[in-house]
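Let's take a walk through this fold together, one contact at a time. Keep the viewer open and follow along.

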Amino acid sequence: MVYLLKFGASFFLPPGIFFVLFVVIAIIAYRRGERKTAKSILLVTLVFYVLSTGIVGDALMRGIESRYSPPPEPHGDAIVVLGGGATKDTPDIDGVGMLTSSPSSRMLTAARLYRVTHLPIVLSGGQVYTDSGAEAVIGRRVLMGLGVDARDIFIETESINTTQNAEYTARILQGIGVKQPMLVTSAFHMPRAVLCFKNQGIDVVPYPTDFQANRETRDFHYNRLAPSADALLSSTIALRERLRLFVTEVTGR
């Protein structure tokens, strides 16, 4: 009964409520004789709905996340961590400004790798917008709070996209004599990140983290057909990464 209530409730909240409204509009258009308009509305609604289901969102995400796996044994001569978003003035335990969910996951992985390897960590990420946080600066504070020695943290604070992450980080790596760093970023972001570093002549050891979808467990439940904003976000991220990867492959940027 609980699952049935959740399924029904999904059509009273965004994005589900919009699908209901679009279907109603299509029915009205059909009854007015505007059959082509009605069919077009239903087609768009169907695509929108499919992308908003967990079963499709996870499948799209899994497809791009599965391209790289963490190595059985961490190896390399440094740990490079890419930013992915931060707030500027939100309160934190030891300061102001916080990393958003994906870069927080990346930072936790970097701290755990540091405990095992004691390798230097290079954080890459600037302040993308005037109201967003300085990612590498905040990340350094977070890592120090997790026990990483400040002397082992290097930061790159100018980049605002993945291409610049690789370009500006390459300079730091060259300066400290790093040849093959472990690259830590979200699994969905890893294919494009690896390519950007390859374009800079850097052979990285991919260490993906922040996985959004199960790799093997794919149990079906009818609630996975319920529309949700989270599933739509997963579909959007997966499709966006594929598009950006294509652009990088074509342009080198």
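**Two helices side by side**

In helix H4, Gly54, Val56, Gly57, Leu60, Met61, Gly63 and Ile64 meet Ala231, Ser234, Ser235, Ile237, Ala238, Leu239, Glu241 and Arg242 of helix H9, where contact means heavy atoms within 4.5 Å. Sorted by class, the residues of this H4 with H9 contact are 8 nonpolar, 5 polar and 2 charged. Here Ala, Val, Leu, Ile, Met, Phe, Trp, Tyr, Cys and Pro count as nonpolar, Asp, Glu, Lys and Arg as charged, and the others, Gly among them, as polar. Helices (H or I, at least four residues) and strands (E, at least two) are DSSP runs, numbered from the N terminus.

A word on the source: this is a predicted model, in which local features need pLDDT of at least 70 and side-chain atom pairs count only at pLDDT 80 or more, while totals for chains, interfaces and linings use all residues. Residues are numbered from 1 along each chain as its sequence is written, and side-chain values use heavy atoms, with hydrogens and water left out.

Two packed helices are described by the angle between their axes and the distance between the axes. The axes of H4 (residues 54–65) and H9 (residues 229–251) come within 8 Å and cross at roughly 30 degrees. That makes H4 roughly parallel to H9. Axes are lines fitted to C-alpha atoms, for helices over the stretch in contact, and angles run from 0 to 180 degrees between N-to-C directions. Angles under 35 degrees count as roughly parallel, over 145 as roughly antiparallel, 65 to 115 as roughly perpendicular and the rest as oblique.

Now turn to helix H2 (residues 16–31) and helix H3 (residues 35–51), whose axes come within 8 Å and cross at roughly 165 degrees. That makes H2 roughly antiparallel to H3. Among the H2 residues in this contact are Phe19, Phe22 and Tyr30, and the H3 side includes Ile41, Leu42 and Phe48. The contact has 12 nonpolar, 1 polar and 1 charged residues.

Next comes the sheet. Five strands form an open sheet in the order E5-E4-E1-E6-E7, with parallel pairing; two strands pair if DSSP finds at least two bridges between them. At the edges lie strand E5 (153–156) and strand E7 (205–209), each of which pairs on one side only. On average, neighbouring strands of this sheet are turned by 20 degrees against each other, direction ignored. Helix H7 (residues 162–175) packs on the sheet and touches strand E1 (79–82), strand E4 (121–124) and E5. Strand E6 (residues 182–186) pairs with E7 over 5 bridges, and methionine 182 has valine 205 in E7 as its bridge partner.

Elsewhere, E2 and E3 form a hairpin with 2 residues between them, pairing in the antiparallel sense over 4 bridges. Which residue does aspartate 94 meet in a salt bridge? Its partner is arginine 141, at 2.9 Å, N to O. Aspartate 94 sits in the loop between strand E2 (86–92) and strand E3 (95–99), and arginine 141 in helix H6 (residues 135–145), 47 residues apart. The structure holds 8 salt bridges, each a side-chain nitrogen of Lys or Arg within 4 Å of a carboxyl oxygen of Asp or Glu.

Finally, look at the backbone. Most residues other than glycine have a negative phi, and most peptide bonds are trans. The bond from proline 14 to proline 15 is cis, with omega near 5 degrees, and histidine 118 has a positive phi of about 60 degrees.
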